[in-house]
Amino acid sequence: MNDLHVPIRQSIDRRCQRLAQTQASDGSWHYCFEGPLMDNAFTTILLRSLKTDGCEPLIQALARDIMHRQQLNGTWNNYPDEPNGNLSATIQAYTALLYTGVCKRSDENMKKAERFIRAEGGLDHADILTKVMLAMNGHYPWPLIRFPLSFLLLPSKFPVNFYELSSYARVHFVPVMLCADKKFHIKNASRPDLSHLRLGNMPHWLSFRSSSLSYVLKEQAYKLSQLPFHLFHAGIKQAERYMLDRIEPNGTLCTYASSTIFMVYALLALGYDKHSPAIQNALKGVLSYVWQTKSFIHVQNSPSTVWDTALLTYALERAGLKQNRPVIEKGAAYLLRQQQTKKGDWSIHNPNTAPGGWGFSEHNTINPDIDDTQAALHAIAPFLKLNSRYLNAWHRGVRWLLSMQNDDGGWAAFEKNTGQAWMTLLPVPHMKNAGIDRSTADITGRVLAFLGSRLKLDRTHPRVKAAIRWLMAHQKADGSWYGRWCVCYLYGTWAAVTGLRAVGVPANAPAIRKAVSFLKQTQRPDGGWGESCTSAAIDKFQPLPFSTPSQTAWAVNALTCCSDDVSPEVEKGCLFLTKTHRAEEISYPTGIGLPGEFYIRYHSYDEIWPLLALSEFRNKWNG
């Protein structure tokens, strides 16, 4: 073990020096938030559809990136080991390349893609976001049944209302509803022809799993369609106002590039000119998310600056080196300026609490989330005695965080008590994972870790008791927990275990012992851990043929907090983290936006989590 301390210390020192050199002058860190190919493809299609001036170099760069990602069999994937290619990603890439003019249907690479798309059922079998983008550009028909926008007028106290959807779903749903209501699409004579990819006669949008539910919903839609005309008009105005009220200072809709792109089409459907300030500011906002180097380009769906800065500030604090202090102070000062002061949609289900949370992006002013808030509070905790601004921010943040606990005892991502199970029966794809905002093991565990380590609350506290009950009820039979926002069972198990241990659940508790057993059994021969994005699609742990630094760090950190002695598994895991890693290990996406479709490579994660895991190891066993 003595031999282990030297490479760990050296690795911690190197990482801290690198972070000190890459910190921005305002105290933040900027890393790429790399989502799926969809971001680049949708941006390309939008810019071409609007005939946006001055964007040709960007369009050509995006085209080169899309072409570079094509597999030898002609397909595109959402993650490297996705079997057989991804239909929606292939449709997105194929369509975007036709829009750029760089590729023609007759090109061999496009022929391969076309054969795959047709073999998989064509456009009718694409995911809903892809169909929406196709419909907005005239490549796919909108549903025959119009969804009444008067639905937006129902008060939030009604059992069925718009605010039972998650905030993420709402900001995407509203612009889509507007376009669908008006059957809108951009009329562009130069748009490519995709009719050869329409293999069915009728558009396929929704699938009812229950005939009785289908009857009820169709009946209710019919009743809404019989409402007076002025209510339809009021619904349209409400949808427009909903979008405009949630435009951030940088022009984006709630800081998401995807929702902003959809908003542009919705504003055009409402009669806005493409040169109007709202649309031009939206385009500027999306283009400001472009991350470009000499060999890489990506349109980030929402930059992760606040998230990265909070986690890195905390990790540097745990590293404990004296030379880190000025760097940590700058990070904390940046975070202090990012605390939100406005009430957002979260206040609809939590009306009596003052604002105090933090968001994911520095452009985010009205959409805080629980995970960013606990991370920011962790980061500013060492400075509460520095001045009253930190202490006031701390009290506001803690109050907001505690107030967002769900009635079931857990914490969700953005809102309180919007995880109604019956909503998953609606015939809309992804209602379980994106349509509702339910309690999750990863966020609940991370909040517990904060409450235990910073507030010194233990398992006797009523709020902690409720959270523990929720976690215990959601542990899987193999000892793992499912993590919603990263891949996947390794992440959820780490968050749950570290949270439970922080509030005093003993290491010999059955749930902890089962979790430790799961982690030890899934360690790879190289000493690390690796889990495939496929886990999220099949709801079962699926190993990778290689280890990744972030997932290894989660496992090492979880095992470290569960033992009084250095186990062989922890020792091997630490050694893996101190080594130089191959490209496939550091480029694998270990974050999740939407299971099955939207996976994220956080370029910051190979800095954050190994530094934290190695520092916690050193703090526990070497002072």
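# A tour from loop to helix to cavity

Start by selecting cysteine 488, in the loop between α18 (462-473) and α19 (489-502). Helices here are DSSP runs (H or I, at least four residues), numbered from the N terminus. The peptide bond that leads from valine 487 to cysteine 488 is cis, and its omega is near -15 degrees.

This is a predicted model, in which local features need pLDDT of at least 70, side-chain atom pairs count only at pLDDT 80 or more, and totals for chains, interfaces and linings use all residues. Residues are numbered from 1 along each chain as its sequence is written, and side-chain values use heavy atoms, with hydrogens and water left out.

**Next stop: another loop.** Select asparagine 417, in the loop between α15 (388-403) and α16 (431-435). Asparagine 417 is not a glycine, yet its phi is positive, near 55 degrees.

**Now the aromatic rings.** Select tryptophan 554 and tryptophan 609, an edge-to-face pair with 6.1 Å from centre to centre and 65 degrees between the planes. Rings of Phe, Tyr and Trp (its six-membered ring) pair if their centres lie within 6.5 Å; planes under 30 degrees apart count as stacked, over 60 as edge-to-face and the rest as tilted. Tryptophan 554 belongs to helix α22 (residues 549-560) and tryptophan 609 to helix α25 (residues 605-621), so the pair ties together parts 55 residues apart in sequence. The structure holds 24 aromatic pairs.

**Then go to α2.** Show helix α2 (residues 37-49) with helix α4 (residues 87-100): their axes come within 9 Å and cross at roughly 30 degrees. Axes are lines fitted to C-alpha atoms, for helices over the stretch in contact, and angles run from 0 to 180 degrees between N-to-C directions. The crossing of α2 and α4 is left-handed (the near helix is turned anticlockwise from the far one by less than a right angle).

**Last stop: the cavities.** Which residues lie nearest the centre of the largest cavity? Select Pro36, Met38, Gln92, Asp127 and Glu597, which are among its 13 lining residues. A cavity is a set of points on a 1 Å grid over the protein atoms alone where a 1.4 Å probe fits but cannot get out; lining residues have an atom within 4 Å of a point. The volume of the largest cavity is about 80 Å³, and α4 gives the most to its lining, with 3 residues. The whole structure has 3 cavities of 30 Å³ or more. Volume here is the space filled by probe spheres set on the points, with grid points joined across faces, edges and corners.

Note on methods. Helix = DSSP H or I, 4+ residues; strand = E, 2+ residues; numbered from the N terminus. 1 Å grid on protein atoms, 1.4 Å probe; cavity = no way out; pocket = protein on both sides within 12 Å on 5 of 7 lines; lining within 4 Å.
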